[in-house]
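Good morning, and thank you for joining. I would ask you to look at the sequence and the structure while I speak.

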Amino acid sequence: MDDHDVSPGPKGSLRKFLEQLSGAGKAIGVLTSGGDAQGMNAAVRAVVRMGIYVGAKVYFIFEGYQGMVDGGSNIVEADWESVSSILQVGGTIIGSARCKDFRSREGRLKAARNLVQLGITNLCVIGGDGSLTGANIFRKEWSGLLEELAREGTIDAEEVEKHGHLNVVGMVGSIDNDFCGTDMTIGADSALHRIIEVVDAIMTTAQSHQRTFVLEVMGRHCGYLALASALACGADWVFLPESPPEEGWQENMCIKLSENRARKKRLNIIIVAEGAIDTQNKPITSEQIKELVVTQLGYDTRVTILGHVQRGGTPSAFDRILASRMGVEAVVALLQATPETPACVVSLSGNQAVRLPLMECVQMTQDVQKAMDERRFKDAVQLRGRSFENNLNTYKRLAIKLPDSQIPKSNCNVCVVNVGAPAAGMNAAVRAAVRVGISEGHKMFAVYDGFEGFAKGQIKEIGWADVGGWTGQGGSILGTKRTLPGKYLEDIAAQMHTHSINALLIIGGFEAYLGLLELSAARGKHEEFCVPMVMVPATVSNNVPGSDFSIGADTALNTITDTCDRIKQSASGTKRRVFIIETMGGYCGYLANMGGLAAGADAAYIFEEPFDIRDLQSNVEHLTEKMKTTIQRGLVLRNESCSENYTTDFIYQLYSEEGKGVFDCRKNVLGHMQQGGAPSPFDRNFGTKIATRAMQWVSTKLKESPGRGKRFVSDDSVCVLGISKRNLLFQPVAQLKEETDFEHRIPKEQWWLKLRPLMKILAKYEASFEVSDVCQLEPVRHRGPEEQAAI
């Protein structure tokens with residue numbers, strides 16, 4: 001989606017947009033194929049609504065390719081309401097099936113006939129690499145198939161002329177995240193949610209009985225789920241198809257498990273991908289591992305096979321937003337396609353929507369399997385892509401502690417502090433920072449209760465085992481306060497002197513950013529602050545300059561989405577009811593806007609897009625119209641500080657008055673539940689990876705200045721580490737000052753505002769979505785090992 005500069009714009013730009021992207025006279029078929037994945041429905045909904053919005057006809061093709069071959073009642077025109085209330089449903093409402101018939105030419109001939117009869121020459125396929133390969137073969141054969149149908153007399157020459165070529169755009173729906181070229185496939189994040197829910201539940205019982213659990217997760221040919229869940233729960237050992245354990249792993253694993261027990265750890269978690277193999281390509285099964293642990297160590301060991309639980313349940317907020325963005329992008333790609341355009345997949349790189357040549361991605365995906373078959377495991381890991389390789393290296397680093405004698409000492413003391421409001425995932429970040437710091441030879445210190453605790457000397461050395469089991473804990477174990485360091489500078493400098501602190505890692509929100517600016521400004525007075533300082537953004541508001549995402553925002557978004565799902569259900573039951581929901585975020589509208597997109601809201605009021613009484617009036621009229629349809633409920637989100645005078649109460653009263661006799665109104669303030677709860681898999685892993693990277697930066701800086709004398713005074717020694725578009729970037733706070741609106745505590749430019757029109761279009765408002773020329777296909781790139789992967 002980011003390829004288009006999207007602004008709400010006046011009516012003129014809307015007309016221009018619809019002229020540029022007219023779907024008039026075009027027909028789009030949408031199908032889901034292969035294994036189902038949570039979020040497929042969100043993608044179907046987006047394709048149908050965006051298609052109708054630009055004036056095209058959109059058809060459901062039921063039961064995947066089988067429905068295309070069988071035709072008849074399997075291909076049905078969809079309308080706006082036919083995709084209502086499916087956003088929160090897992091699986092796919094249009095069904096999916098494996099199809100043998102489509103593999104034969106005569107099957108494809110039948111499919112072509114069925115499509116041509118309805119004038120469908122645009123296909124949107126949501127599925128895995130097999131489904132997408134099938135679509136590409138179909139596209140290549142299309143004109144030949146039509147000529148054959150014409151010879152048989154099934155269609156006439158005019159139709160051959162009119163429907164001469166088939167456009168194909170793919171979206172990857174697969175819980176395994178096994179498709180090369182895309183950072184995340186639709187369904188992978190939701191599957192991780194299911195796995196982590198189970199792991200969190202198992203951990204409490206394992207702890208009670210001092211048990212070892214072997215968990216088997218899906219992934220016949222791809223270890224993504226196993227690796228990401230091992231990283232998210234701090235598992236003791238993980239088995240992946242791409243990276244088999246070295247010879248003699250049996251002994252190494254048992255040593256590792258018994259070492260962990262000796263460190264007072266009461267449980268062990270071992271995660272196994274169902275396709276796990278050893279270096280000779282022989283399968284490693286969960287039962288085998290259990291036998292080994294029981295015979296070698298005598299531990300009470302249980303096996304849990306998660307199976308199809310991972311495919312089920314409601315899609316996560318991430319998957320709903322991903323699928324909605326991809327669905328809209330897919331329609332745009334179909335309308336812009338020419339006979340020369342190769343089939344493409346729309347996918348995600350960092351937080352950028354990109355289009356990639358379908359067959360190159362499929363080829364790369366197959367190359368991974370080939371590398372594994374030929375036992376070239378290093379190549380397999382590299383081909384999986386930057387984020388997989390990054391995850392694997394980070395996991396190894398945090399799971400296995402070298403003996404102290406093997407770690408060269410740096411003689412540096414590094415301090416970790418949490419600042420601001422609590423955010424889920426902070427503890428995962430602290431754990432990663434402490435363990436990476438120790439593995440780099442530093443002495444790690446934890447500061448309790450923010451800058452206030454710093455000034456009072458609440459500082460303790462923290463060890464490897466002290467942070468065990470922290471990834472799944474919500475809130476902030478170190479304690480956190482909003483107090484800024486300004487009035488405690490003397491005391492903090494004294495404490496840094498007493499403990500000889502050589503570097504500082506701050507994990508927090510906007511207060512942490514302001515605190516960093518204050519410490520940096522005080523360098524002239526206190527030379528104790530002339531050390532490398534880096535901040536990792538952690539706040540539910542996602543309002544830190546220099547980063548597109550912050551730790552904690554994903555968890556808060558899931559909380560909002562879950563609550564909205566329940567509220568929508570209540571509203572559907574009562575009929576003719578509109579709910580107004582207030583979200584947190586200060587002046588930053590991220591939670592309200594993205595929550596609105598993920599929950600299928602009718603409107604989201606935010607500070608960044610000023611609104612007046614006329615906008616409120618038009619929203620009421622919109623809802624009045626909506627009550628005449630079969631969808632008799634409304635959902636409106638309001639950011640807590642979006643307007644001084646149009647408060648939640650005011651909007652509630654206005655809606656109640658204006659909606660009299662048509663709908664009634666209820667309001668709900670979500671409040672602090674948005675800051676609590678166990679961190680989502682995304683926040684655990686984002687926190688872990690970004691804190692790891694921050695500590696590596698600290699080590700590099702400290703190595704530049706051997707000895708204790710060096711003072712760091714340059715701007716680039718005080719940075720915010722953030723994710724920007726596709727990369728992790730260290731940006732000096734001095735530079736970020738220019739990009740900050742300090743009065744409202746938000747960055748002056750925010751990437752997610754480009755997604756505003758998306759929400760409006762999917763809620764049936766007129767919005768223009770300007771199409772720029774950057775919609776070209778991108779080549780599939782391999783990253784060099786020195787390029788840091790984004791998350």
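Let me begin with a term: a residue is called buried when its relative accessible area is under 20%, exposed when over 50%, and partly exposed in between, with a 1.4 Å probe and only protein chains considered. By that criterion, 62% of the 791 residues of the protein count as buried.

Two remarks on provenance. This is a predicted model, in which local features need pLDDT of at least 70 and side-chain atom pairs count only at pLDDT 80 or more, whereas totals for chains, interfaces and linings use all residues. Residues are numbered from 1 along each chain as its sequence is written, and side-chain values use heavy atoms, with hydrogens and water left out.

On the overall form, the C-alpha atoms fill a box of roughly 90 × 70 × 45 Å along the principal axes. The radius of gyration, taken over C-alpha atoms, is compared with a globule rule of 2.2 Å times the number of residues to the power 0.38. With 791 residues, a compact globule would have a value near 28 Å, and the protein has 27 Å, which agrees.

The protein contains 25 helices and 24 strands; these are DSSP runs numbered from the N terminus, helices being H or I of at least four residues and strands E of at least two.

I turn now to strand β19, residues 633-639, where seven of seven residues are buried. R633, L635, L637 and N639 point one way, while G634, V636 and R638 point the other way.

Which strands pair with β19? Strands count as paired if DSSP finds at least two bridges between them. Strand β17, residues 577-583, pairs with β19 in the parallel sense over seven bridges, and F579 has L635 as its bridge partner. Strand β18, residues 603-605, is also parallel to β19, over three bridges, with Y605 partnered by R638.

β18, helix α21 (residues 613-626) and β19 form a right-handed β-α-β unit: with the strands pointing away from the viewer, the path from the first strand over the helix to the second runs clockwise.

Finally, consider E247, in the loop between β7 (237-239) and α9 (249-262). Is E247 buried or exposed? At 59% relative accessibility, E247 counts as exposed. Beyond its neighbours within four places in sequence, E247 is in contact (heavy atoms within 4.5 Å) with T279 and Q280.
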